[in-house]
Amino acid sequence: MEQIEFDYPAANRHITKKAHVGVVGSGDMEVLMEPADGDGARVTITTSVNGFQDSWKAVFDRFFSKFDGAVKIQINDAGATPGSVLLRLEQAVEVIEQ
Amino acid sequence: MSTAEVFPAFVSRKSFIELDGRERAQSLFDQNAWTELVGPFDRVESPWLPMQGIAPQADDGCIVIKGKIGGLSAVVVSLEGAFQGGSIGEVSGAKMTAALDLATKDSEAGKKTAAVLLLETGGVRLQEANLGLAAIAEVISSILALRQHAPVITVVAGTVGCFGGMSLAAGVSSYVVMTKEARLGLNGPEVIEQESGIDEFDASDRALIWAIHGGEQRVGMGEADALVEDDAEKIASTIREYVKAGPAFEHRSQQVKLYKDRIAALDTSQQIDPMSLRQEWSSNKNSGGAR
């Protein structure tokens, strides 16, 4: 198991809603997305698969190139592929932007 | 002819099995008449899984929702089968026990509150073994306290099924609702094969598994009360009926003599087949809470 953290200080748009999507099942993960405590976005990942920090970084760099919300994201992961990670994140954004 | 013309109702139904644990619980309530208790943002998660290198889940795979079902007070406790096989650990067990105890407290104070348990579980979480075992004991004693005042309705929809310690919780419930995809048993097929050999039980023989553990057989034998199609609306309406019906007249787990006599009457000199057992036991319509 590994814990990974990223900061995206440029994501500063104010967010009011929360979203919880996904399940920590094989090949899947859960996302808890809520308004950030301060400025910028912060991502905390707990994953049961070690050694993929670079892949996580690439997924979040891409995600925050389109999304600018000041959110606190917590992820509990049970081996989701980068594609599923992005889909779960987009699903969470859909909930908070509703 | 298209499939939709042959089975229009079946095809257009909303599957219950395809919903996740939270959606299943939500689907049972009257519209907008529910609140989740100790939800994922409360972050009450297992402290034991990360110590063993396993990612936890923010709700520990146990979803508790309180609200109105058919206008009556009810609490639904749903186990998420996709997270650690729906297993019961310290936190998920405590959530379930607390929900049942609060329902008992409300019921004793005059506000009857039914409990619905959506069990998709292999039983105790092995990573939290002793705490999980303690949790099962607490859950069972809480069910026994509540079922005198209000119905405790267990739903086993599939596809995980309900095995191990939680099958005992199903056994002491007022009513048990199953789909034909669901399985219910104390020992799961793999466990039986592992302990008694492949001659005793072949865990790769799916027809055998469903003939023994399947919903059709369990309801047929009187060990569960209702066999419902995998349809969210049909399951919800069955639950509404049981919530409305109130506590069971006589619980299955109180009929000790009936079951002892049934087992004593079995001829074990030859192999008993599931179908004949079903016919023999279903003749007694008094079995089961609802019968």
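I started with one residue pair. A:E2 has A:T47 as its bridge partner, and A:T47 sits in β4(A). I kept in mind that this is a predicted model.

Next I looked up the strands around that pair. β1(A) and β4(A) run antiparallel, and seven bridges join them. I noted the general rule that strands of a sheet pair through backbone hydrogen bonds, either parallel or antiparallel.

Then I traced the whole sheet of chain A. It is open, has five strands, and reads β1-β4-β5-β3-β2. The pairing is mixed. Which strands stand at the edges? I found β1 (2-8) and β2 (19-22) of chain A there. Each has a single partner strand, so one side of each has no neighbour in the sheet. From one strand to the next, the twist averages 10°.

I checked the helices against the sheet. Helix α1 of chain A, residues 53-66, lies across β1 and β4 of chain A. Its angle to β1(A) is about 30°. Helix α2 of chain A, residues 82-97, lies across β2 and β3 of chain A. For α2, the angle to β2(A) is about 145°.

Last, I turned to the contact between chains. I found 15 residues of chain A in contact with 13 residues of chain B. On the chain A side, β3 (29-35), β4 (41-47) and β5 (71-77) each supply at least two residues. β3(A) gives the most, with three residues. I also sorted that side of chain A by class: five nonpolar, six polar and four charged residues.

Conventions:
Residues numbered from 1 in each chain as written. Chains lettered and ligands numbered in written order. Predicted model: local features only at pLDDT ≥ 70, side-chain atom pairs only at ≥ 80, totals over all residues. Contact = placed C-beta atoms within 7 Å. Helix = DSSP H or I, 4+ residues; strand = E, 2+ residues; numbered from the N terminus. Nonpolar A, V, L, I, M, F, W, Y, C, P; charged D, E, K, R; others polar. Pairing = 2+ DSSP bridges. Axes fitted to C-alpha atoms, helices over the stretch in contact; angles between N-to-C directions.
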